[in-house]
Structures are given as structure tokens and as C-alpha cells.
Amino acid sequence: MSPKKRLGSKKRILEFFLKNLGKVLESKDIQEAAGGAVEWARRVRELRNEEGYQILSHKDRADLKAGQYLLLTVKRVPAFKRDISKETRAWVLERNGYTCQMCGVAAGDPDPLGGSRTVRLTLGHIIDKSKGGDDSPGNLRAVCTNCNEGLQNTAPPKPDQVHLLAQVRRATIADQKAVLEWLIKKFGNDS
Ligand SMILES: [Zn+2]
């Protein structure tokens with residue numbers, strides 16, 4: 001997307017929020033207000049994270065459902081008040097192996113929701129702030145932006161080792177070799 005078009009959809013989303021201050025907005029209406037831009041969720045995130053608009057989602061308020069957003073005030077919050085420190089961020093991502101703890105994609109993988117994007121990781125709260133969770137490292141985990149926005153319909157539970165190995169044993173030799181290659185690429189030959 002061209003920078004100009006991107007700016008356009010972000011501006012339209014902001015205007016839509018400002019016009020509907022205090023009203024719960026549905027994602028389909030936000031996308032429509034953005035002129036149908038597929039990346040509307042990313043624009044909402046930028047308004048919140050880069051420009052400091054306090055756009056609330058189901059992560060912040062228990063009475064909001066996934067896909068609902070709410071802006072209550074035009075007041076913006078400066079970056080230093082809302083940012084988790086760079087050190088904490090790096091530490092949590094490292095601890096989680098740069099892998100989404102909900103769906104298992106890794107930073108730089110192709111986006112499973114399609115398009116030419118690659119997966120981007122952000123920090124999510126294990127206990128949502130709406131339920132009393134805080135910003136301490138113990139309550140943070142690496143999640144991809146899709147999972148964090150509730151765009152991923154399913155967050156399948158992690159496969160347990162017995163079933164995972166059974167699946168691999170039943171797979172074709174070609175698929176087993178593909179798994180092996182992926183593991184070697186990920187862990188190297190020395191483990
Ligand atoms: Zn994910």
C-alpha cells in the first residue's frame with residue numbers, strides 16, 4: 001500500500017472514532033470507514049500505540065467483545081506512560097523464543113491470514129488488563145498481532161508430545177524429512 005493511501009485510511013478511521021466518541025464500534029464498520037482497507041486493524045493499532053489514542057478493545061474492558069472498539073476521550077497518552085520498557089519487551093520475546101504463544105507462528109513467518117505480510121510479534125497479557133492483569137514480565141507473553149487483535153478465529157491448544165510424535169511417525173517419509181529440515185534449521189545440528 002502506498003504511504004499516501006495508508007495515511008488516508010488511518011485518518012478516516014480516526015475521524016470515525018472521533019465522530020462516535022463513547023460509542024462501541026464494530027470492526028466491520030471501522031473497516032468500512034477506512035474505505036474497506038484490509039489493514040484497518042493495523043491502522044487502529046498505530047493510532048493506539050504510535051499516536052496514543054486510548055482506543056479500548058476486549059483486551060482492556062470485559063464488557064467489550066472481540067472485534068469491538070471504543071474511544072472515550074480525545075485525550076492522548078504520551079508514549080512513556082503506556083510503553084512497556086524495551087528491556088522487558090526483549091526479555092519476554094527471547095523467553096518465548098520469538099514465537100506466538102497462542103498459535104505458534106514465529107516472527108518472520110508468512111502471515112497465515114494471507115497477503116504478502118510476514119508475522120509480527122507483540123506483547124500480550126496472560127491475564128487481560130480488563131481482568132486485573134498488570135504489565136509485569138510474568139504477565140506478558142509473545143503473541144502475533146493477529147492473535148492479539150482476536151483476528152485468529154481459533155487458538156488451538158498446543159499438541160502434546162505423544163500425539164505430535166504419533167503424527168510425525170504416520171507421516172510420509174517426504175513430510176518427515178521436511179520436519180527434520182525445519183528442526184535442523186531452527187535448532188542447528190549441535191543439540
Ligand atoms: Zn498467533
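Guide: Let us begin with a term: two strands pair if DSSP finds at least two bridges between them, and the strands themselves (E, at least two residues), like the helices (H or I, at least four residues), are DSSP runs numbered from the N terminus. This is a predicted model, in which local features need pLDDT of at least 70 and side-chain atom pairs count only at pLDDT 80 or more, while totals for chains, interfaces and linings use all residues. Residues are numbered from 1 along each chain as its sequence is written.

Visitor: Which residues of α3 are buried?

Guide: A residue is buried if 20 or more other C-beta atoms lie within 10 Å of its own, exposed if 12 or fewer, and partly exposed in between, with C-beta atoms placed from the backbone. In α3 the buried ones are W40, A41, R43, V44, L47 and R48. They lie on the same side of α3, because they cover an arc of only 160° around the axis, the arc being that of the directions from the helix axis to the C-beta atoms.

Visitor: How many residues are in the largest nonpolar core?

Guide: A nonpolar core is a set of buried Ala, Val, Leu, Ile, Met, Phe, Trp, Tyr and Cys residues joined through C-beta atoms within 7 Å. The largest one has 17 residues, and I13, I30, W40, V44 and I55 have the most contacts inside it. Two or more residues come from each of α1 (3-19), α2 (27-33), α3 (40-49), β2 (53-56) and β3 (68-76), with α3 giving the largest share, four residues.

Visitor: What does V44 touch?

Guide: If residues up to four places away in sequence are not counted, V44 touches I13, I30, I55 and Y69. There is also a second, separate core of eleven residues, V92, M102, L121 and V143 among them.

Visitor: New topic: how many bridges join β4 to β5?

Guide: Five bridges join β4 (residues 121-125) to β5, and the two run antiparallel, with H125 opposite L140 in β5. Strand β5 (residues 140-144) is largely enclosed by the rest of the structure, because four of its five residues are buried.

Visitor: Last one: where is R61, and what is R61 in contact with?

Guide: R61 is in the loop between β2 and β3, and R61 is partly exposed because 16 other C-beta atoms lie within 10 Å. Leaving aside neighbours within four places in sequence, R61 is in contact with L56 and S130.

How values were computed: Contact = placed C-beta atoms within 7 Å.
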